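Work through the exercises below with the sequence and the model side by side. Each task is followed by a solution in steps.

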Amino acid sequence: MMELGPIGTALLLGIFVLFAGCYGLLYAIARLKERSTWMNAAYACYALQVVVTLLIVALTPLTLGWQLLVIVSCLAYFKLPAIAWSHLELTHSKAEVP
Amino acid sequence: MYKSQQVALKYFAAAIVLFGIMVVAGLLAATQYVHNGFLLNQLDFSITKILHIDTMILWLLMGFMGSIYWFLPGELNRETEGIKLAEIMFYILCGAIAIVALVFIVVQYGGANEFSMWFINQGRKYVEAPRWAAIGIVLVVAVFCYNIIATTIKAKKVTGIMGVLIVDLLPLFALYLIAFASITNMSEDLFWWWWLVHLWVEGTWEVLIGCIMAFSLMQLLGTERRIVETWLYIEVALVLGTGILGLGHHYFWIGTPGYWLAIGGLFSALEPLPLLGMVVHAVYDAGTHRMKTTNKPALYWMMAEAFGNFLGGGVFGFMMTLPQINLFSHGTQWTVSHGHFAFWGAYACGILSVIYLALQKAREIAEVNGGRWKWGFALLNLGMVGMVGALLISGIAQAFYERAIGGSTLQAFIEGQSNMWFVQGINARLIFGVMFALGYGVLVYDLLTLGKRKAVQPALLRPA
């Protein structure tokens, strides 16, 4: 299978985080607007992030340890917006109680 | 208005002036990349680069100090202790900066002796200020620390934000002392020097801007103290948890033990996570207030801070932080691209937000809005995005042709510099740099005239 060089690897890593950002942004907008369209767009971004993760694992010269780091990061990026959002709601709802 | 807030406005004015000098020096340096002979032997690239970087550090530092002097009296409901001293130090600092800048421009360099170190250039990257001026900076920071701690003690009140701020002051002061070391072993010298550069920027400054943003959120959106303090603790813990050992990514290829490759790569890879949390937080805050505020530019600059930090620090940083990539990208225009974007997002946007907030209060403006700030905002941000995109292209070309193919020889360096992609990227950077400078001009005009322009009467807008 074709192996990417450092430039291709770097670009994939950048796109990996960019999709994470898009997912987080769209997730937050979806929760704010309570619209499923935004949430679907968010999940589509996350799906693309998973695809990029697979490409990083399959095509880049990163060794097993770094590949695992990318995979674990990908999982963390999935949960992070939801955790952040629920904590935001929690702190704000507590603040509203007199 | 408290005296402390009057001093803060002076700090903001000086910060904006230094921001301008940074832009001019940056444009000169960018022009020297395009026309190599430009100002040769008059104002060489080595000098314009020093001016560009050092004024960047100083304007941000002045912005931070101004922000704290602005928010402190309101937080503790009393005048800042020793504010007269702070004002004196402000003038001393401005005078010292002017003298050092003149020496850099007129004298430029000296022999490899003690005199040069004390009076011309200390010779250490980013902390080039001669030793006498470096001692001055230490005194200014010491007075700044005294102002905050003494005011808190007198007020007999330590809020959560103040607690975090005070804990942050010790490393802010102590780390700068590394600027004075004279270590002859280059690896050892760089090892400690990065403590100053990285731990200031990705440690103490991150905490400082976190505290400043916490104050801003309470003032701008009326967010409750308990909420901002909870999030300040979480975000500071996450940023420091990943950022302190993220220091390791600077230890690649400088003669440090190999385990730094793993430590630096691992913790740097985790650094985008808290930045993503900040993006979610920004959307929540702006969304729940439906972007409604009496100070639109402050809100937009605050949002730009969250997004810019994520893109510049997170995306651009992660691209080049793993050692396998960093072997090729380290020290190329790729690094420059990441540095510009990260500094802009993490700090500059936040300080501009606070300046708008402060001016609204100082000039008693009911609502800050209008069209001019939007032009400044758009030109500055598009100029920055264009510059970092162009530098990324140049950096990738450099990493590929000079490092990967050429093997980092001098010949490869020269060929890399004349590569078409590199040259086009450098040209484009200058064009976007001019756009950024125009944005700076609009920003300054807007700040100067904010609240002083006559409101247009609706009747005048109606057709006759």
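**Exercise 1.** What covers the buried residues of α16(B)?

Solution. Some conventions come first. This is a predicted model, in which local features need pLDDT of at least 70 and side-chain atom pairs count only at pLDDT 80 or more, while totals for chains, interfaces and linings use all residues. Residues are numbered from 1 along each chain as its sequence is written, and chains are lettered from A and ligands numbered from 1 in the order in which they are written.

Step 1: locate the helix. Helices are DSSP runs (H or I, at least four residues), numbered from the N terminus. Helix α16 of chain B covers residues 420–449.

Step 2: list its buried residues. Buried means that 20 or more other C-beta atoms, placed from the backbone, lie within 10 Å of the residue's own; 12 or fewer means exposed, and anything in between partly exposed. Among the buried residues of α16(B) are B:Phe422, B:Phe432, B:Phe436, B:Tyr440 and B:Asp446.

Step 3: name the cover. It includes α1 (3–34), α13 (333–362), α14 (372–405) and α15 (410–417) of chain B. Contact here means C-beta atoms, placed from the backbone, within 7 Å.

**Exercise 2.** Describe how α7(B) packs on α8(B).

Solution. Step 1: the axes of α7 (residues 186–220) and α8 (residues 225–246) of chain B come within 9 Å and cross at roughly 165°. Axes are lines fitted to C-alpha atoms over the stretch in contact, and angles run from 0 to 180 degrees between N-to-C directions.

Step 1: this makes α7(B) roughly antiparallel to α8(B), a term for angles over 145 degrees.

Step 2: the contact includes B:Gly203, B:Gly210 and B:Ala214 of α7(B) and B:Val228, B:Leu232 and B:Val239 of α8(B). By class, the contact has 11 nonpolar, four polar and five charged residues. Ala, Val, Leu, Ile, Met, Phe, Trp, Tyr, Cys and Pro count as nonpolar, Asp, Glu, Lys and Arg as charged, and the others, Gly among them, as polar.

**Exercise 3.** At what angle do α3(B) and α5(B) pack, and which residues make the contact?

Solution. Step 1: α3 (residues 83–106) and α5 (residues 131–155) of chain B pack at about 160°, with axes 10 Å apart. The two are therefore roughly antiparallel.

Step 1: among the contact residues are B:Met89, B:Leu93 and B:Ala96 of α3(B) and B:Leu139, B:Val143 and B:Asn147 of α5(B). The contact divides into 12 nonpolar, two polar and no charged residues.

**Exercise 4.** Where are B:Gln108 and B:Glu364 found?

Solution. Step 1: B:Gln108 is in the loop between α3 and α4 (114–119) of chain B, and B:Glu364 is in the loop between α13 and α14.

Step 1: most residues other than glycine have a negative phi. B:Gln108, however, has a positive phi of about 70°, and phi of B:Glu364 is positive, near 50°.

Step 2: B:Gln108 is partly exposed, with 16 C-beta neighbours inside 10 Å, whereas B:Glu364 is exposed, with 8.

Note on methods. Parallel < 35°, antiparallel > 145°, perpendicular 65-115°, else oblique. Contact = placed C-beta atoms within 7 Å. Expected span 1.5 Å × (residues − 1).
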